[in-house]
Amino acid sequence: MTATATTPGSSRHGDEPLLSVRDLRVTFTRQGEDPFTAVDGVSFDVRPGQTVGLVGESGCGKSVTSLAIMGLLPARGNRVEGTATFEGTDLLTLAKDKMRDRRGRDIAMIFQDPLSSLNPVVPIGRQVTEVLERHKSMSRKAATPVARELLDRVGIPDPDRRLTDYPHQLSGGMRQRALIAMALACEPRLLIADEPTTALDVTIQAQILGLLKELVTESGTALVMITHDLGVVAGLCDEVNVLYGGRIVERGRRHELFASPRHPYTTGLLASIPRLDGARGAPLTPIPGSVADNLPWEHACAFAPRCSQPVDRCTEQSPELEHDDGGRALRCFNPVEATS
Amino acid sequence: MTTTAEPTDAAATDGPADDARAHDDGDLLVDARGVKVHFPIKRGVVFDKVVGHVYAVDGVDLRIRKGETYGLVGESGCGKSTLGKAILGLEPPTDGSVVIDGTDVASLKGEELRKRRKDFQMVFQDPMSSLDPRQSVESLLVEGMKAHGLASDDKATASRLRELLKAVGLPAAALKKYPHEFSGGQRQRIGIARALAVEPKLIVADEPVSALDVSVQAQVINLLEDLQDEFELTYLVVAHDLAVVRHISDRIGVMYLGGLVEEAGADDLYAQPLHPYTRALLSAVPVPDPTREDEREQILLVGDLPSPSKPPPGCRFHTRCPWRQETRCDDERPQLRVLEIDGVPSSHRVACHWAEDIESGKIQPHHVDPTATEQDLREEQDAPHAVGDVEEAVQYQHGGHGAGS
Ligand SMILES: Nc1ncnc2c1ncn2[C@@H]1O[C@H](COP(=O)(O)OP(=O)(O)O)[C@@H](O)[C@H]1O
Ligand SMILES: Nc1ncnc2c1ncn2[C@@H]1O[C@H](COP(=O)(O)OP(=O)(O)O)[C@@H](O)[C@H]1O
Ligand code: SF4
Ligand SMILES: [Mg+2]
Ligand SMILES: [Mg+2]
């Protein structure tokens with residue numbers, strides 16, 4: 001397949017991170033309002049061929065993290081600190097035009113709502129060829145068959161006909177596919193997917209997740225997967241970061257994390273979702289309260305008011321993210337006993 | 001029952017299944033038969049010309065027993081909400097009948113209808129859009145009670161309000177507040193309190209937890225379960241989340257394009273899904289367990305749900321079905337029926353011609369051509385006239401975003 005010419009396996013699971021985010025902090029500074037830190041010292045690495053998940057409930061800072069890395073936050077009213085190093089270049093301090101070039105060529109992003117990312121008055125095929133013309137310096141004539149192939153690859157039936165369709169003529173699932181085709185057109189080495197299947201039905205979600213998996217294993221693309229769905233994380237992500245109130249509270253490789261979750265927030269999430277596997281009728285154990293109850297991280301654990309097992313320190317001191325040698329990290333004064 | 005290709009003629013309003021269930025008619029709260037809701041598609045500037053119909057609900061029989069929770073699942077657009085509304089008389093059925101507690105809903109008029117309304121309440125997905133933002137919680141709750149003559153005595157009303165808030169787990173101080181002052185989960189509690197205020201028998205809950213974060217979802221699910229025990233409520237829960245539906249339902253109906261394709265007790269359905277669509281649906285749900293995820297065998301469906309304005313003839317699932325056969329599937333609409341499979345109870349009914357042979361393995365799944373399943377929206381919407389500039393397309397792709405959630 002020409003459009004994703006990276007030799008399969010060439011750079012998969014390399015040891016060097018492709019993207020390295022360090023102490024990312026995003027503070028919204030609106031006039032007349034107190035500054036609000038939405039992302040608070042987030043660090044993680046993504047390697048080629050690896051899928052890293054950011055999971056947590058709404059408002060925990062997942063989208064702001066990805067938009068900050070992509071340079072897509074609103075121009076005013078926020079302060080971004082830290083670094084996001086992509087092959088030696090800090091994306092956070094890159095000039096606007098250079099960043100725009102990067103976004104087309106090396107890094108792509110797909111969103112929950114594909115309609116907002118597609119131009120409503122330009123046919124789908126044209127939107128894909130445009131990416132190819134711009135970033136691969138192809139002529140329109142040369143780009144058209146490649147665009148057709150891309151649409152075919154993402155599972156859009158009858159791609160010849162679909163090339164001339166406008167976004168509103170496609171269903172939600174087909175639009176998300178078209179957007180993925182556009183993202184693939186530039187053979188990105190890093191793909192950030194922000195809730196790409198949240199608006200889709202479960203059978204369509206299965207198709208899209210299959211597509212993303214294929215992309216990672218066959219082309220060695222690095223994937224940052226943002227979702228609130230622990231099931232999606234369990235099936236897709238090599239490494240999982242659980243966010244709460246703008247900070248990473250727990251990190252682990254997926255098998256280890258799910259086998260032995262240690263942060264009370266992680267265990268709380270797992271205990272509160274009904275599951276299709278296992279026996280029916282086991283009562284759910286909700287996490288009490290809501291994020292409105294959070295304490296400020298500066299001198300407490302933000303989760304303490306909702307925690308099932310807080311100790312005195314939790315409301316007096318701010319817990320640090322402690323790393324072990326095995327890629328596990330935990331921000332908690334009184335973690336749940338390890339089970340393995 | 002023989003069927004035709006014409007959507008509106010294709011559904012049975014009676015059949016052998018009725019006999020199988022006749023014995024438990026005594027404790028039925030809802031008895032809906034042959035319910036159809038067809039929305040006209042209109043075109044034209046001066047005269048509204050009807051150019052077609054959306055066959056949102058197209059021949060559904062549904063019975064709900066007193067005190068049970070009936071769950072309705074299926075992908076968006078399959079007609080779940082419309083069926084829920086039709087049962088409550090909020091969407092008049094094009095055809096068929098709905099009898100609730102012995103009364104034909106369609107026969108109720110004026111004052112009588114208003115009185116009976118209190119027996120059936122609805123809880124919506126987005127509590128914010130169903131709660132008037134200018135009304136305090138107290139006035140929201142009292143409104144319904146007054147309308148049904150349940151708030152004549154001030155003292156009794158005050159104590160009833162306290163009871164209600166306690167039942168849904170809100171502090172008494174909530175009465176003086178307005179909807180925007182609450183979190184999503186709390187607003188859903190207000191929506192539930194408002195439904196409860198008039199002492200209903202049946203609550204139709206349409207996606208009651210879909211808008212909530214998982215940690216809060218469980219609070220509302222547990223609340224609904226507690227209230228059911230306390231107030232002897234009957235629920236019809238409409239949701240697209242299969243794990244949620246399985247958790248709270250006693251019986252489940254699976255909908256596809258306006259019709260029920262399978263109905264069974266919650267445990268039976270998940271232990272042994274027998275309709276090809278149900279099999280695919282259940283196999284597509286990711287579970288939060290990496291070991292199971294690595295092993296999960298998926299039946300990947302190709303393509304999209306066909307448009308409900310042009311449902312395929314025969315079995316509505318035939319365009320996407322991996323088990324579709326040369327005969328019957330394309331031209332004969334299967335009805336819900338009891339299967340001849342050992343160990344499958346008569347309460348487990350399936351609308352597939354080949355369910356027995358599929359279960360025994362005699363019929364194996366095959367490749368499905370995706371082109372046949374394509375959802376073509378072209379004829380339904382006109383293309384925009386302006387053709388934008390290329391630069392704009394790039395902006396849309398890379399820059400057209402605020403920090404959405
Ligand atoms: N442009 C903005 N201005 C002010 N606050 C914002 C903006 N974008 C996001 N936020 C806030 O930042 C927090 C994190 O948001 P977000 O990253 O979108 O959460 P999610 O994890 O649901 O994607 C939320 O409290 C949100 O309200
Ligand atoms: N008032 C209406 N007018 C026209 N079409 C409608 C109306 N309400 C729903 N529909 C259509 O009927 C079909 C079923 O919708 P709905 O019952 O909301 O499905 P679900 O709740 O399963 O997602 C959809 O195609 C929808 O667009
Ligand atoms: S009747 Fe035919 S097309 Fe329909 S579900 Fe059964 S096998 Fe598939
Ligand atoms: Mg609905
Ligand atoms: Mg988000």
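Q: What is the strand order of the open sheet in chain B?
A: Start with the general idea. Strands of a sheet pair through backbone hydrogen bonds, either parallel or antiparallel. In this predicted model, the open sheet of chain B has eight strands, in the order β6-β7-β8-β3-β9-β10-β12-β11. The pairing is mixed.

Q: Which strands of chain B stand at the edges?
A: Look for strands with a single partner. Here they are β6 (120-123) and β11 (337-338) of chain B, so each has one side without a neighbour in the sheet.

Q: In what sense do β6(B) and β7 of chain B pair?
A: Parallel, over four bridges. Strand β7 of chain B covers residues 202-206. For a landmark, find B:Phe120, which stands opposite B:Leu202 in β7(B).

Q: Which helix packs on the sheet there, touching β6 and β7 of chain B?
A: Helix α7 of chain B, residues 184-196. Compare directions next. The direction of α7 makes about 175 degrees with that of β6(B).

Q: Turning to chain A, how many helices and strands does it have?
A: Chain A has ten helices and twelve strands.

Q: What share of the residues of chain A count as buried?
A: The cut-off is under 20% relative accessible area. By that test, 58% of the 340 residues of chain A are buried. The accessible surface of chain A comes to about 13,500 Å². Carbon and sulfur atoms account for 49% of that surface.

Q: What share of the contacts in chain A join residues at least 24 apart?
A: Count contacts between residues at least 6 apart in sequence. Of these, 64% in chain A join residues at least 24 apart.

Q: Which strands of chain A make a hairpin with two residues between them?
A: β4(A) and β5(A). They run antiparallel and are joined by two bridges. A:Phe86 has A:Thr89 as its bridge partner in β5(A). In the turn, A:Glu87 has a positive phi of about 50 degrees.

Q: Over how many bridges do β1 and β4 of chain A pair?
A: Eight, in the antiparallel sense. Strand β1 covers residues 19-28 of chain A, and β4 covers residues 78-86. A:Leu19 has A:Phe86 as its bridge partner in β4(A).

Technical notes: Residues numbered from 1 in each chain as written. Chains lettered and ligands numbered in written order. Predicted model: local features only at pLDDT ≥ 70, side-chain atom pairs only at ≥ 80, totals over all residues. Heavy atoms only, no water. Pairing = 2+ DSSP bridges. Contact = heavy atoms within 4.5 Å. Axes fitted to C-alpha atoms, helices over the stretch in contact; angles between N-to-C directions. Buried < 20%, exposed > 50% of the residue type's maximum accessible area, 1.4 Å probe, protein only. Areas by Shrake-Rupley, 256 points an atom, 1.4 Å probe, with all protein chains shown as cover.
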